[in-house]
Amino acid sequence: MEIRVDRDRCLGAGMCALTAPEVFDQDEQEGRVLLLDARPPRELDAAVRIAAGACPASVITVTPRAPSRH
């Protein structure tokens with residue numbers, strides 16, 4: 001998956017950082033979202049989706065991974 005955030009619309013609620021701290025944090029000055037990993041490992045997919053859904057400002061965009069080719 002690929003993740004994008006819109007920091008300009010972020011309210012600083014911190015739900016993303018609480019739900020998926022490996023992927024999201026908050027800056028110390030404004031409390032807005034910081035994206036730590038735009039392409040996190042698969043084992044974090046569920047946490048990222050939950051974080052995106054919990055964001056009150058809907059600033060997290062998640063693009064699904066392309067299917068694996070074997």
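The structure holds 1 cavity of 30 Å³ or more, a cavity being a set of points on a 1 Å grid over the protein atoms alone where a 1.4 Å probe fits but cannot get out. This is a predicted model, in which local features need pLDDT of at least 70, side-chain atom pairs count only at pLDDT 80 or more, and totals for chains, interfaces and linings use all residues. Residues are numbered from 1 along each chain as its sequence is written, and side-chain values use heavy atoms, with hydrogens and water left out.

**Cavity**
- The largest cavity contains about 90 Å³ of space, the volume being the space filled by probe spheres set on the points, which are joined across faces, edges and corners.
- Its lining has 15 residues, with Cys10, Gly12, Ala13, Gly14 and Cys55 nearest the centre; lining residues have an atom within 4 Å of a point.

**Cys55**
- Cys55 sits in the loop between H2 and strand E4 (60-63); helices (H or I, at least four residues) and strands (E, at least two) are DSSP runs numbered from the N terminus.
- Cys55 counts as buried, at 15% relative accessibility (buried means under 20% relative accessible area, exposed over 50%, partly exposed in between; 1.4 Å probe, protein chains only).

**Nonpolar core**
- The largest nonpolar core has 17 residues, and Ile3, Val23, Phe24, Val59 and Ile60 have the most contacts inside it; such a core joins buried Ala, Val, Leu, Ile, Met, Phe, Trp, Tyr and Cys residues through side-chain atoms within 4.5 Å.
- Helix H2 (residues 45-54) supplies the largest share of this core, 4 residues.

**Asp45**
- Asp45 belongs to helix H2 and is buried, with a relative accessible area of 11%.
- Beyond neighbours within four places in sequence, Asp45 is in contact (heavy atoms within 4.5 Å) with Met1 and Arg65.

Technical notes: 1 Å grid on protein atoms, 1.4 Å probe; cavity = no way out; pocket = protein on both sides within 12 Å on 5 of 7 lines; lining within 4 Å.
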